[in-house]
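Work through the following exercises with the sequence and the model side by side. Each task is followed by a solution that goes step by step.

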Number of protein chains: 2
Amino acid sequence: MSIDNIMQQAAIAFQQYRETKAEQKAVFLETIAANMEAAGAALIGQAAEETHLPQARLVSERARTTMQLRMFAALLREGSWVEATVDTADATVNPAKPDIRKMLIPLGPVVVFGASNFPFAYSTAGGDTASALAAGCAVVVKAHPAHLKTSQLVHKAIKDAIFSSGMPPHVFQHVEDGSFEAGESLVKHAATAAVGFTGSFAGGKALYDHAAARKNPIPVFAEMGSTNPIILLPDTLEKNAEELARQYIASVVLGMGQFCTNPGIVLGIESEGLSRFIAEAEKEIAAAIPQPMLHEGIYKAYHAKMEKALQQTGVNVVGHSSTEPGAGEAWPTLAETDGTAFLSNPLLHEEVFGPYAIIVRCTDLDQLQKVWRSLAGQLTTSLMGTEKDFTEHASMRALAESIAGRIIFNGVPTGVTVCNSMVHGGPFPATTDSRFTAVGINGIKRWVRPVCYQNCPQTLLPPALQNGNPLGIWRLVNNEWTR
Amino acid sequence: MSIDNIMQQAAIAFQQYRETKAEQKAVFLETIAANMEAAGAALIGQAAEETHLPQARLVSERARTTMQLRMFAALLREGSWVEATVDTADATVNPAKPDIRKMLIPLGPVVVFGASNFPFAYSTAGGDTASALAAGCAVVVKAHPAHLKTSQLVHKAIKDAIFSSGMPPHVFQHVEDGSFEAGESLVKHAATAAVGFTGSFAGGKALYDHAAARKNPIPVFAEMGSTNPIILLPDTLEKNAEELARQYIASVVLGMGQFCTNPGIVLGIESEGLSRFIAEAEKEIAAAIPQPMLHEGIYKAYHAKMEKALQQTGVNVVGHSSTEPGAGEAWPTLAETDGTAFLSNPLLHEEVFGPYAIIVRCTDLDQLQKVWRSLAGQLTTSLMGTEKDFTEHASMRALAESIAGRIIFNGVPTGVTVCNSMVHGGPFPATTDSRFTAVGINGIKRWVRPVCYQNCPQTLLPPALQNGNPLGIWRLVNNEWTR
């Protein structure tokens, strides 16, 4: 099947699917979740074989994925997400005001590129797919070649759900051609309305450029990772250096650092506390156990980028894991440098995907803020501080806001809670559009656009906009929120 | 002052301005409105001199502009637009859920390019500026060279408001260099966070391309006009041909067609009714009075594009205004062609900015839908029909949704009501991002992004997210809307 055929089928399926009722879409999403659960240990085993991730981690990742599907099902049933807005006619003003009603509608077929590090939650039936299907879009997933068989099993779960819940057969399609050319063709196809991507900067930026160069540019939400800087404020460093170091290194080596929220950079001011932090971090990194990385490509890239970083002027190794890594395993490594060396070398600002981190010793608060500000856009940034720290450095919240989509206080960035208030996004290059989030209910906003109806007969209006509010959803009616 | 200096000043002003309270920003916007009113007849006179628009039209356009400024002031005072979302901690789940709170914050300095055809409402203090200032962004306007002196007067109204309401002096800046290079430099500057544009396709697309080619791409909302197709359904054509023709031509020649919502294309099925429509439209266009166009460039482009359209195979002139146009005046013109000729010639699909329109005679409903579907993305599309028409052709709403941002029933597209439910946007090339609107309160969404705070101490949280809801705004708290 050619890419052209696939996208034409997606366009046809979209026209049917967008007209299905919210309840039908909700059942469809729930059935996908149930089918993924029913795929049982075989699905987990396949994912473990392909990704080298521990079974327990994969079990909880699947649970997160099915939870996301059910979260969007609940969002559809509740219904208010369409932002229905009604302004009734007013003949008494000049010029007379017509009746105008607005709601969100789906963009069209969405092409999704999953990530290798989350074979469930950011892949075939992950957040992009779940939110796009909830929005009413048809979805075409380009299967990640690093877990193709896992993706095929999830595809089967979705296909079965399509048939048992009576959805248009091509509302979801699975492209197994792993070439760059296939990806480019998908993004450039006339029927493609939007693109979701999770992965490397190089991959995401290439897709963004293809989309922007189209005759009719389309939106691309690419989440491209981050170094997630952690700021150690002076008072907490003095009081809690060892505890902070343990918490930090645990986050750096978690899952062999293969998270877009891995905290690869930590900033502190030269002090006795910072020395204790470094000393404790050295012990912790030595104690970390090498584990297999996701695949050969990531394994090679990690060690190449890590070694290159260590060769830079002013960069010193704090320590490595004291356990020799086996074939395909990552070697957890911690480096340090000073603020001046860091500021003068953009290479040190780049993400090293894996269990590597660099401590930046700053001369004072001014330099620390300068280093922080010099970093590119981030998914997250963390502020570690006592009450005293936060009172003295309250202005740092504004700086954090300018850098990241999520600001964490006294915590590490790994672990992304799926909830209404989560922002998994941030200024470029963390993502290609900081106005959206990949996680949480608002992820649906990437795939919809508003349309308004002027003087539309009641019988032709979508139910969300009809008088009497048959869906019982929250609406902004003549400037008042009502249900 | 160099572009670099201007943008650096905007960046500094932004950091101060974003911290000002909603009430202060609201007073600022209201003061701009009051100052524009206080500029009185002199401001209207200057605009009339530069744009050749009638004084009465300019008086009502200024009223719309000041209304928009006050609408955003009211939005700021009400406060719920920040989409505050609170999810409190839950230690009973595994893993434990942290406290997460989200709201919208401003993107940064916004560069605004105004339109020549709305010297107030889409220019210096127009919708883009008002919404960006309301969002908390600093604004840099590139003054439109076609009404530079008007823009200077509005700039003075804003400058006076900055000083009297104690805003950072550079929260608004006015660039009077009319060159393409200045525009390019503004879009490419590192401090620029977003771009708003209203004008031609060539201009908007060039800015979009500059923004996409930046090292860090930024959002561009460019509204680039439209042909706003009107569909005449069979029953209403039979019953109301003459009335429809009068309504249609009145909209085509209104303001000499110099609106992005000018309905340049009308589609009907060959019938006795369509012949009567054409006959009546011929009379109406003959009766239209030529009037001066906005400026020499638009005047020349109108006649060149109109003449080129008339030279195309299968295109016939229905009629011109029977009044000879004077120097700089538009010659209202109506053409007709058949569906086959239209489908085979993309040039006929292009906007001719001015009082020109083409009637497309379709063989049947299938061809009419094919022609409609062949059009590029539109700001609006209109469906003219009786109850019988809408019952028989209910599926045409879905087609209309795929084409346009605003769907009008039994009405013409000229006249954009400023209200919550208005969508002034649409699929490319009507705009560069169909997910946003240029008119109405939701215009503010173009200039903001979400940020979330994880386990943030109450004292550090923005008031919108603090416990107890000190601002009294609508918030989504643990999945329930509350105030």
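In these exercises a residue is called buried under 20% relative accessible area, exposed over 50%, and partly exposed in between (1.4 Å probe, protein chains only). This is a predicted model, in which local features need pLDDT of at least 70 and side-chain atom pairs count only at pLDDT 80 or more, while totals for chains, interfaces and linings use all residues. Residues are numbered from 1 along each chain as its sequence is written, chains are lettered from A and ligands numbered from 1 in the order in which they are written, and side-chain values use heavy atoms, with hydrogens and water left out.

**Exercise 1. Salt bridges within a chain**

Solution. Begin with the criterion, which asks for a side-chain nitrogen of Lys or Arg within 4 Å of a carboxyl oxygen of Asp or Glu.

Task: Are E61(A) and R57(A), which form another salt bridge, buried or exposed?

Solution. The bridge between the side chains of E61(A) and R57(A) spans 2.8 Å, N to O. Because the two residues are 4 residues apart in helix α4 of chain A, about one helical turn separates them. E61(A) has a relative accessibility of 3% and is therefore buried, and R57(A), at 16%, counts as buried as well.

Task: Describe the corresponding pair K388(B) and E392(B) in chain B.

Solution. The closest N and O atoms of K388(B) and E392(B) are 3.6 Å apart, and about one helical turn lies between these residues, as they are 4 residues apart in helix α14 (residues 387–392) of chain B. K388(B) is partly exposed, with a relative accessible area of 44%. Salt bridges that share partners also join R18(A), E19(A), R397(B) and E401(B) into one network. Over all chains, a search of the whole structure finds 52 salt bridges.

**Exercise 2. The interface of the chains**

Task: How much area do chain B and chain A bury between them, and how many salt bridges cross their interface?

Solution. The size of an interface is often given as the accessible area lost when the parts come together. Here buried area is the accessible area (1.4 Å probe) that two parts lose on being put together, summed over both. For chain B and chain A it is about 5700 Å², with 57% on carbon and sulfur atoms. The contact (heavy atoms within 4.5 Å) takes 64 residues from chain B and 64 residues from chain A. The rule finds 4 salt bridges across this interface; in one salt bridge, the side chains of E401(B) and R18(A) meet at 2.5 Å, N to O. On the side of chain B that touches chain A, the elements giving two or more residues include α8 (201–212), α15 (396–403) and β15 (448–454) of chain B, and β15(B) gives the most, with 7 residues.

**Exercise 3. Two residues of chain A**

Task: Which residues does T129(A) contact beyond its neighbours within four places in sequence?

Solution. T129(A) lies in helix α5 (residues 127–135) of chain A and counts as buried, at 1% relative accessibility. Apart from those neighbours, T129(A) is in contact with V112(A), S123(A), T124(A), V139(A), V141(A) and F172(A).

Task: Describe the surroundings of S251(A) in the same way.

Solution. S251(A) is part of helix α9 (residues 234–253) of chain A, and its relative accessible area of 2% makes it buried. Not counting residues up to four places away in sequence, S251(A) touches N262(A), P263(A), V412(A), P413(A) and T414(A).
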